[in-house]
Amino acid sequence: MANHIKNERWVYVIEGENGNSARVKDLLLMGYDHFSKAMPLTNHVHEDAYEFVYVDQGAVDWEIGDETYHTNAQQVIHTSPGERHRAKFDYIGPSTIWWMIIRDPARNKEWFGLQEEERQIFVNWMQNCPRIQLVSKDVVVYFKQLKQLLQNQSTVLLEFQLRHYVMEILLHLFHHSQLVVHSPNMHTYTQQLKDRLQQNPSARYSIEQLAKEFGLSESHFYRVFERRMDNRL
C-alpha cells in the first residue's frame, strides 16, 4: 500500500495566545505549511503588517494586486501593508513554506525595541526591498528556532530570543538580496532615484549609501540600476 503524506500545518497567532510571547507584539503570526496536494489560499490583506513567505520546497505562483509572481525553492516573497494577495487561482500547489507576519515598522515607533535610527533603516528597506529574493536555506534554521521557542513558553529570556530570531531572518534577507523581479516596484525605485539625481545634480552619493537604502548589495544594486537605465534609453 502506497504511503500518503498528509498536509501539515502549524500556525501561531501571537496576540491570541497567553504567555510571554504575547508581549512581543510586533510579531503577529508565524507559520509552517507542507502541502502534499493543492489547497485553497484565497484573497487576504494585512492592513498594518508585512508578510514574508519563504518557499522551502516546490514552486508557488502568487497574485499580488494585478501582478503575478512565480517563486521557487529558496526564494522569499513579501507583501506590504494593504496589499491584497492570494495564491494564483486561489490554490497553492504541493510545496513547503515558512511565513511570518510582522507589524509595519513605519507605524510602530517601538518596533521590536530598536533605536529610532535602526528602526528607520528597516522602514526604508521594507518600503524598497525587492518583491522576491533568493536566499540560502540557512534561513530555515531561524524559522525552526522561532517555532521551537513559541512551542516552549518556559524558555529563559523568551521575549529577547523571539526578537533575536525575527531580526536574524530579516537581516538574512537584508544582506543577501540576490534576485530582483522586474515589477512596478523596481520601476518606482529607480525612477525615484533618477528624479533625485536630476533635482540635485551636484550631490554626490556613494554606491554603498544608495544600495543600503534599497537593501541590496553594492554590486547587485549597480547591475539593477544600470539595467533599468539602459532599458529606458
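Gln74 is partly exposed, with a relative accessible area of 29%; partly exposed denotes the range between buried (under 20%) and exposed (over 50%), for a 1.4 Å probe and protein chains only. The structure is a predicted model, in which local features need pLDDT of at least 70, side-chain atom pairs count only at pLDDT 80 or more, and totals for chains, interfaces and linings use all residues. Residues are numbered from 1 along each chain as its sequence is written, and side-chain values use heavy atoms, with hydrogens and water left out.

Gln74 lies in the loop between β5 (67-72) and β6 (75-79), where strands are DSSP runs of E of at least two residues and helices are runs of H or I of at least four, numbered from the N terminus. Although Gln74 is not a glycine, its phi is positive, at about 75 degrees. Phe89, also a residue other than glycine, has a positive phi near 60 degrees. Phe89 occupies the loop between β7 (85-87) and β8 (91-92) and is exposed, with a relative accessible area of 62%.

With contact taken as heavy atoms within 4.5 Å, and residues up to four places away in sequence not counted, Ile102 touches residues including Phe52, Trp111, Met126 and Leu170.
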